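Open the model in your viewer and keep the selection tool ready. We will go stop by stop, and each stop says what to select and what is there.

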Amino acid sequence: MGAADQRVFDRLRAAHFPPERNHLAAHITLFHQLPPSCHDELDRLIRRIAADTPPPAAHLREVYSLGGGVAFRIDSPDLLGVRARIADHFIGALTAQDRGVPRLHITVQNKVDAAAARALRDALAADFRPRPLAITGLAAHRYLGGPWQSAFERNFRGVHTSY
């Protein structure tokens with residue numbers, strides 16, 4: 001995300017995500033798990049995508065319930081197009097979960113009881129107005145059994161071309 005949006009969602013996560021589970025900055029998950037053996041190939045692909053792709057247009061649409069948490073729904077056909085490009089490249093390595101099209105969102109609370117989640121959703125929804133969301137790049141992380149390690153980050157900087 002852009003720096004201003006990142007600060008907003010990081011603050012919300014810090015305030016509402018259970019601290020013992022909050023191992024990552026606020027983010028939009030495009031894939032849950034690619035095999036570690038694909039890491040170098042992913043890095044090369046993301047470098048190409050970042051080089052030839054402008055920042056995708058995106059909009060925050062609504063605050064919604066995850067049952068035991070709260071997230072902000074994102075509309076971005078452009079970001080889904082980038083994701084499709086990556087998915088097509090790694091089709092044989094995708095898990096069942098990653099073969100489907102994700103519902104783009106930013107989670108600010110998770111793994112809490114339903115009453116706490118409803119209260120936060122209601123509080124955030126009261127002031128929410130749909131608005132643009134800056135998407136500036138792509139990043140990958142390695143899961144280390146609790147903490148996560150940043151693998152790389154690449155900013156979009158290209159002119160749109162056909163996929």
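How many salt bridges does the structure hold? The structure holds eight. A salt bridge here is a side-chain nitrogen of Lys or Arg within 4 Å of a carboxyl oxygen of Asp or Glu. Side chains of opposite charge can pair when their charged atoms come close.

Before you click, two notes. This is a predicted model, in which local features need pLDDT of at least 70 and side-chain atom pairs count only at pLDDT 80 or more, while totals for chains, interfaces and linings use all residues. Residues are numbered from 1 along each chain as its sequence is written, and side-chain values use heavy atoms, with hydrogens and water left out.

**Stop 1: salt bridges**

Select Asp 52 and Arg 85. They form a salt bridge, and their closest N and O atoms are 2.8 Å apart. The pair links distant parts of the chain: Asp 52 sits in helix H2 (residues 39-52) and Arg 85 in helix H3 (residues 77-89), 33 residues apart. Helices (H or I, at least four residues) and strands (E, at least two) are DSSP runs, numbered from the N terminus.

Next, select Asp 75 and Arg 61. This salt bridge has its closest N and O atoms 3.1 Å apart. Asp 75 is partly exposed, with a relative accessible area of 32%. Arg 61 is partly exposed too, at 39%. The cut-offs are these: buried means under 20% relative accessible area, exposed over 50%, and partly exposed in between (1.4 Å probe, protein chains only).

Now select Arg 121 and Asp 122. Their salt bridge has its closest N and O atoms 2.9 Å apart. Arg 121 counts as partly exposed at 24% relative accessibility, and Asp 122 counts as partly exposed at 43%.

**Stop 2: helix H5**

Select residues 114-127. These 14 residues are helix H5, and at 1.5 Å a residue they should span 20 Å. The expected span is 1.5 Å times one less than the number of residues. The end C-alpha atoms are 21 Å apart, which agrees.

Which residues of H5 are buried? They are Ala 117, Leu 120 and Leu 124. Look down the axis of H5: its buried residues fall within an arc of 70 degrees, so they line one face of the helix. The arc is that of the directions from the helix axis to the C-beta atoms. An α-helix has 3.6 residues a turn, so residues three or four places apart point the same way.

Show what covers these buried residues. The cover includes helix H1 (3-16), strand S1 (59-65), strand S2 (70-75) and strand S3 (105-109).

**Stop 3: a loop**

Select Lys 111, in the loop between S3 and H5. Its phi is near 60 degrees, a positive value in a residue other than glycine. Lys 111 counts as exposed, at 56% relative accessibility.

**Stop 4: a buried charge**

Select Asp 98, in helix H4 (residues 96-99). Asp 98 is buried yet has no salt bridge. The nearest side chain of opposite charge, Arg 83, is 4.5 Å away. For charge, Lys and Arg count as positive and Asp and Glu as negative; His and the chain ends are not counted.

Notes. Contact = heavy atoms within 4.5 Å.
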